[in-house]
Amino acid sequence: MLTRRSLIAASLLVAAKPAFAQAPAASDPVSILTAIYTRAAKGKGDGGAAFVTENKAAKAKYLSKALVALWAKADAHTPKGDVGPIDFDPVTNSQEPDVKSFKVDAEKTETDKAKLAVTITGHRNDRKPADQIVRYDFVLEAGSWKIDDIKGSSDGEAWSIRKMLTDSLKN
(Lines give C-alpha, C1' and ligand atoms only; values in the text may rest on other atoms or scores of the structure.)
Protein backbone atom coordinates (compact mmCIF):
# COMPACT_ATOMS: atom_id res chain seq x y z
CA MET A 1 0.00 0.00 0.00
CA LEU A 2 1.32 3.40 -0.97
CA THR A 3 1.28 5.72 2.00
CA ARG A 4 2.01 9.40 2.15
CA ARG A 5 5.30 8.64 3.92
CA SER A 6 6.43 6.16 1.22
CA LEU A 7 5.45 8.61 -1.51
CA ILE A 8 7.59 11.33 0.10
CA ALA A 9 10.49 8.88 0.55
CA ALA A 10 10.24 7.78 -3.10
CA SER A 11 10.20 11.36 -4.35
CA LEU A 12 13.26 12.16 -2.22
CA LEU A 13 15.11 9.20 -3.73
CA VAL A 14 14.25 10.36 -7.24
CA ALA A 15 15.33 13.90 -6.41
CA ALA A 16 18.57 12.62 -4.88
CA LYS A 17 19.62 10.81 -8.07
CA PRO A 18 22.22 12.81 -9.96
CA ALA A 19 20.89 14.30 -13.14
CA PHE A 20 23.04 13.35 -16.08
CA ALA A 21 22.84 15.81 -18.91
CA GLN A 22 22.74 13.89 -22.12
CA ALA A 23 24.38 15.41 -25.14
CA PRO A 24 21.97 15.64 -28.02
CA ALA A 25 22.47 12.83 -30.50
CA ALA A 26 24.15 13.87 -33.72
CA SER A 27 21.62 14.15 -36.49
CA ASP A 28 22.11 11.46 -39.02
CA PRO A 29 22.71 12.29 -42.70
CA VAL A 30 19.22 11.16 -43.74
CA SER A 31 17.64 13.55 -41.22
CA ILE A 32 19.89 16.40 -42.31
CA LEU A 33 19.03 15.98 -46.01
CA THR A 34 15.35 15.48 -45.23
CA ALA A 35 15.31 18.79 -43.33
CA ILE A 36 17.17 20.60 -46.12
CA TYR A 37 14.91 19.30 -48.89
CA THR A 38 11.73 19.77 -46.87
CA ARG A 39 12.67 23.44 -46.54
CA ALA A 40 13.63 23.63 -50.24
CA ALA A 41 10.30 22.08 -51.31
CA LYS A 42 8.12 24.54 -49.34
CA GLY A 43 5.76 26.72 -51.30
CA LYS A 44 6.29 26.24 -55.00
CA GLY A 45 9.67 24.58 -54.41
CA ASP A 46 11.43 27.43 -56.15
CA GLY A 47 13.15 28.87 -53.08
CA GLY A 48 16.04 26.49 -53.43
CA ALA A 49 18.51 25.59 -50.75
CA ALA A 50 21.03 28.40 -51.04
CA PHE A 51 20.67 28.73 -47.26
CA VAL A 52 23.10 25.79 -46.96
CA THR A 53 25.96 27.80 -48.52
CA GLU A 54 24.83 31.43 -48.22
CA ASN A 55 27.39 32.54 -45.61
CA LYS A 56 30.21 31.33 -43.37
CA ALA A 57 27.89 30.34 -40.52
CA ALA A 58 25.66 28.28 -42.82
CA LYS A 59 28.65 26.56 -44.40
CA ALA A 60 30.07 25.75 -40.95
CA LYS A 61 26.71 24.27 -39.92
CA TYR A 62 26.29 22.00 -42.94
CA LEU A 63 29.70 21.44 -44.55
CA SER A 64 32.87 19.67 -43.43
CA LYS A 65 35.80 21.78 -42.29
CA ALA A 66 37.82 20.62 -45.29
CA LEU A 67 35.09 21.62 -47.75
CA VAL A 68 34.57 25.00 -46.04
CA ALA A 69 38.32 25.67 -46.23
CA LEU A 70 38.49 24.66 -49.91
CA TRP A 71 35.47 26.86 -50.73
CA ALA A 72 37.03 29.85 -48.93
CA LYS A 73 40.30 29.32 -50.80
CA ALA A 74 38.44 29.12 -54.14
CA ASP A 75 36.41 32.25 -53.35
CA ALA A 76 39.60 34.12 -52.42
CA HIS A 77 41.14 33.00 -55.74
CA THR A 78 38.19 34.37 -57.75
CA PRO A 79 38.98 37.72 -59.40
CA LYS A 80 37.02 40.63 -57.97
CA GLY A 81 33.74 41.10 -59.83
CA ASP A 82 33.69 37.54 -61.23
CA VAL A 83 31.13 34.93 -60.28
CA GLY A 84 32.54 32.35 -57.87
CA PRO A 85 33.29 28.79 -58.92
CA ILE A 86 29.82 27.60 -57.84
CA ASP A 87 27.21 29.60 -59.77
CA PHE A 88 24.15 27.42 -59.20
CA ASP A 89 22.29 25.82 -56.30
CA PRO A 90 24.07 22.46 -55.94
CA VAL A 91 21.44 21.12 -53.54
CA THR A 92 18.67 21.45 -56.12
CA ASN A 93 21.10 20.97 -59.03
CA SER A 94 19.87 23.95 -61.02
CA GLN A 95 19.99 27.65 -61.70
CA GLU A 96 16.24 27.76 -61.14
CA PRO A 97 15.37 25.51 -58.20
CA ASP A 98 12.34 23.27 -58.65
CA VAL A 99 11.58 20.82 -55.86
CA LYS A 100 8.11 19.33 -55.64
CA SER A 101 9.09 16.18 -53.77
CA PHE A 102 12.20 14.17 -53.00
CA LYS A 103 13.39 10.80 -51.80
CA VAL A 104 16.51 10.26 -49.69
CA ASP A 105 18.36 6.94 -49.96
CA ALA A 106 21.33 5.91 -47.84
CA GLU A 107 23.63 4.16 -50.31
CA LYS A 108 26.51 3.39 -47.95
CA THR A 109 26.93 4.07 -44.24
CA GLU A 110 30.04 3.53 -42.15
CA THR A 111 30.91 4.73 -38.67
CA ASP A 112 32.40 8.01 -39.84
CA LYS A 113 31.35 8.27 -43.52
CA ALA A 114 28.12 8.01 -45.46
CA LYS A 115 27.01 8.28 -49.07
CA LEU A 116 23.43 9.28 -49.82
CA ALA A 117 21.41 9.98 -52.93
CA VAL A 118 18.48 12.36 -53.19
CA THR A 119 16.07 11.95 -56.09
CA ILE A 120 14.27 15.20 -56.81
CA THR A 121 10.92 15.47 -58.54
CA GLY A 122 10.12 18.95 -59.78
CA HIS A 123 6.96 20.72 -60.83
CA ARG A 124 8.41 20.88 -64.34
CA ASN A 125 9.56 17.78 -66.20
CA ASP A 126 12.36 19.35 -68.19
CA ARG A 127 15.34 17.59 -66.61
CA LYS A 128 17.01 14.37 -67.65
CA PRO A 129 16.51 11.49 -65.17
CA ALA A 130 20.21 11.49 -64.20
CA ASP A 131 20.01 15.23 -63.46
CA GLN A 132 17.30 14.57 -60.87
CA ILE A 133 19.71 12.71 -58.57
CA VAL A 134 22.10 14.55 -56.26
CA ARG A 135 24.61 12.52 -54.26
CA TYR A 136 26.17 13.49 -50.96
CA ASP A 137 29.33 12.38 -49.20
CA PHE A 138 29.11 12.92 -45.45
CA VAL A 139 31.84 12.74 -42.79
CA LEU A 140 31.49 12.63 -39.03
CA GLU A 141 33.35 15.54 -37.43
CA ALA A 142 33.37 16.12 -33.68
CA GLY A 143 30.15 14.14 -33.28
CA SER A 144 28.25 15.92 -36.07
CA TRP A 145 27.60 14.77 -39.62
CA LYS A 146 28.81 17.25 -42.26
CA ILE A 147 28.54 17.31 -46.05
CA ASP A 148 31.98 16.70 -47.58
CA ASP A 149 30.99 16.73 -51.25
CA ILE A 150 27.90 17.13 -53.42
CA LYS A 151 27.77 15.42 -56.81
CA GLY A 152 25.32 15.34 -59.66
CA SER A 153 24.98 15.90 -63.36
CA SER A 154 23.68 18.70 -65.52
CA ASP A 155 22.52 17.86 -69.02
CA GLY A 156 24.22 14.50 -68.53
CA GLU A 157 27.58 16.09 -67.59
CA ALA A 158 28.84 14.94 -64.17
CA TRP A 159 29.93 17.53 -61.63
CA SER A 160 31.27 17.57 -58.07
CA ILE A 161 31.45 20.61 -55.80
CA ARG A 162 34.84 19.53 -54.49
CA LYS A 163 36.19 19.07 -58.04
CA MET A 164 34.77 22.39 -59.22
CA LEU A 165 36.37 24.22 -56.29
CA THR A 166 39.70 22.42 -56.81
CA ASP A 167 39.64 23.10 -60.57
CA SER A 168 38.95 26.80 -59.97
CA LEU A 169 42.27 27.06 -58.13
CA LYS A 170 44.14 25.91 -61.25
CA ASN A 171 43.20 29.01 -63.26
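The questions and answers below concern a predicted model.

Reader: What share of the residues counts as buried, and how much of the accessible surface belongs to carbon and sulfur atoms?

Author: Burial is judged by relative accessible area, with under 20% as the cut-off, and of the 171 residues of the protein chain 36% count as buried. The accessible surface comes to about 10900 Å², and the part of this surface that belongs to carbon and sulfur atoms is 56%.

Reader: Which strands stand at the edges of the sheet?

Author: The five strands form an open sheet with antiparallel pairing, in the order β1-β2-β3-β4-β5. A strand at the edge has a single partner strand, so one of its sides is left without a neighbour in the sheet, and this applies to β1 (101–109) and β5 (157–160). From one strand to the next, the twist averages 25°. The edge strands are thus β1 and β5.

Reader: Which residue of β3 is the bridge partner of L116?

Author: Strand β2 (residues 113–121) and strand β3 (residues 133–141) run antiparallel and are joined by seven bridges. For L116, the bridge partner in β3 is Y136.

Reader: At about what angle to β4 does helix α4 run?

Author: Helix α4, made up of residues 65–77, lies across the two strands β3 and β4 (144–154). Its direction relative to β4 corresponds to an angle of about 55°.

Reader: Which residue in the hairpin of β4 and β5 takes a positive phi?

Author: Four bridges join the antiparallel strands β4 and β5, and one of the bridged pairs consists of S153 and, in β5, A158. The hairpin has two residues between the strands. Most residues other than glycine have a negative phi.

Reader: Is A142 buried or exposed, and what is its relative accessibility?

Author: A142 is placed in the loop between β3 and β4, and has a positive phi of about 50° although it is not a glycine. Because exposed means over 50% relative accessible area, D155, in the loop between β4 and β5, counts as exposed at 58%. A142 likewise counts as exposed, with a relative accessibility of 85%.

Conventions: Residues numbered from 1 in each chain as written. Predicted model: local features only at pLDDT ≥ 70, side-chain atom pairs only at ≥ 80, totals over all residues. Heavy atoms only, no water. Buried < 20%, exposed > 50% of the residue type's maximum accessible area, 1.4 Å probe, protein only. Areas by Shrake-Rupley, 256 points an atom, 1.4 Å probe, with all protein chains shown as cover. Pairing = 2+ DSSP bridges. Axes fitted to C-alpha atoms, helices over the stretch in contact; angles between N-to-C directions. Contact = heavy atoms within 4.5 Å.
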